[in-house]
Amino acid sequence: MLEVTKLKKNYEGFSLDCTLQVESGCITGLVGKNGAGKSTAFKGILGLISKDSGEIKIFGKDITNLTIEDKQKIGVVLSNSSFSGYLDIRAIINILKAEYKEFDKQEFLNRCKHFELPMKKQIKEFSTGMKAKLNVLIALSHKAELLILDEPTSGLDVIAREEVLDMLREYMERNENCSILISSHIASDLEKLCDQIYMIHNGTIILQEDTDVLLDSYALLKTTKEEYQKLDKQYLLKVKEESWGYSCLTNQKQFYTENYPNIAIEKGNIDDLIFMMNGGESA
């Protein structure tokens with residue numbers, strides 16, 4: 001569905017080097033702290049910035065060869081980007097009808113009603129949550145096969161974030177061959193949504209893993225300094241010294257569970273992974 005190979009973009013003080021793949025029927029997450037390069041990667045994938053090198057294919061085609069029909073199969077939400085704040089939903093409907101052959105007006109109206117989005121109020125008067133929901137509804141409104149969503153839940157409270165994620169789950173259930181690439185710095189959101197996770201740090205992909213593997217096989221070991229000295233370190237990915245000893249990230253939880261039953265072992269999550277991969281030292 002989407003293949004990105006060695007996408008590179010250099011700015012003063014920042015360089016992007018990104019390789020990732022989104023398979024048909026899968027939800028792929030791109031996680032990393034703010035400023036890690038998520039938005040730059042998305043803009044590069046969409047051709048909104050010129051790339052220095054690399055290859056980007058959507059639907060098996062280089063993005064420079066996509067037809068109008070191909071582009072209509074892509075739904076997009078970009079961070080801090082939307083329709084003019086002076087428009088209302090009625091005006092947006094007219095734009096979507098003109099732009100997308102597959103725009104489903106009635107479905108869009110039903111969803112706007114469900115989420116209590118006011119038809120006659122200008123977007124600039126919407127709350128942050130209302131704007132986020134509208135942006136996602138627009139991306140879903142024209143039967144897109146590939147959704148590219150940059151921080152669609154940014155700035156939302158827990159309830160509003162879950163509502164947006166529920167929309168995406170429902171969309172995938174109704175459209176089995178569709179795919180989603182979604183970024184977030186709220187990694188816990190993506191644990192329950194994504195089939196696979198890519199982690200980006202300082203513009204570079206530093207980890208790619210199936211979400212099930214990440215949650216089942218990754219763990220944090222909490223050791224005293226004495227325990228750490230006796231520890232088999234061959235399966236440690238990152239280590240961080242603490243006042244009480246060491247935090248150690250591993251992708252072989254079972255090995256340490258079986259061989260070190262007295263060590264505190266915490267189930268891994270994506271937030272811990274980001275923290276340790278960014279802040280820890282090599283073992």
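A polar contact here is a pair of N or O atoms within 3.5 Å; within protein, one must be able to donate a hydrogen and the other to accept it, and residues adjacent in sequence count only if both atoms are side-chain atoms. By that rule, the side chains of serine 183 and aspartate 150 are joined by a polar contact of 2.6 Å. Keep in mind that this is a predicted model, where local features need pLDDT of at least 70, side-chain atom pairs count only at pLDDT 80 or more, and totals for chains, interfaces and linings use all residues. Residues are numbered from 1 along each chain as its sequence is written, and side-chain values use heavy atoms, with hydrogens and water left out.

- Serine 183 sits in strand E8; helices (H or I, at least four residues) and strands (E, at least two) are DSSP runs, numbered from the N terminus.
- With 0% relative accessibility, serine 183 counts as buried (buried is under 20% relative accessible area, exposed over 50%, partly exposed in between, using a 1.4 Å probe and protein chains only).
- Skipping neighbours within four places in sequence, serine 183 is in contact (heavy atoms within 4.5 Å) with Leu30, Lys38, Phe42, Leu149, Asp150, Glu151 and Pro152.
- Threonine 250 belongs to strand E13 (residues 246-250) and is buried too, at a relative accessible area of 0%.
- The threonine 250 side chain gets to the backbone nitrogen of glutamine 252 at 2.9 Å.
- Not counting residues up to four places away in sequence, what threonine 250 touches includes Ser217, Tyr218, Leu236 and Tyr256.

**Helix H6**

- Helix H6 (residues 158-174) runs for 17 residues and reaches 25 Å from its first C-alpha to its last, close to the 24 Å expected at 1.5 Å a residue; that expected span is 1.5 Å times one less than the number of residues.
- Its buried residues are Ala160, Arg161, Val164, Leu165, Met167, Leu168, Tyr171 and Met172.
- Looking down the axis of H6, those buried residues fall within an arc of 145°, so they line one face of the helix (the arc is that of the directions from the helix axis to the C-beta atoms).
- Val158, Ile159 and Glu173 are exposed on the other side of H6.
- The cover over the buried residues of H6 includes strand E3 (27-31), helix H4 (105-114), H5, E7, strand E8 (179-184) and helix H7 (187-191).
- Aspartate 157 caps the N-terminal end of H6, with a side-chain oxygen 3.2 Å from the backbone nitrogen of isoleucine 159.

**Backbone spots to check**

- Phenylalanine 59 has a phi near 55°, a positive value in a residue other than glycine.
- You'll find phenylalanine 59 in the loop between strand E4 (53-58) and strand E5 (61-62), and at 22% relative accessibility it counts as partly exposed.
- Lysine 143 also has a positive phi, near 60°, again in a residue other than glycine, and lies in the loop between helix H5 (128-140) and strand E7 (146-150).

**Glycine 279**

- Glycine 279 is part of helix H11 (residues 270-279) and, at 41% relative accessibility, counts as partly exposed.
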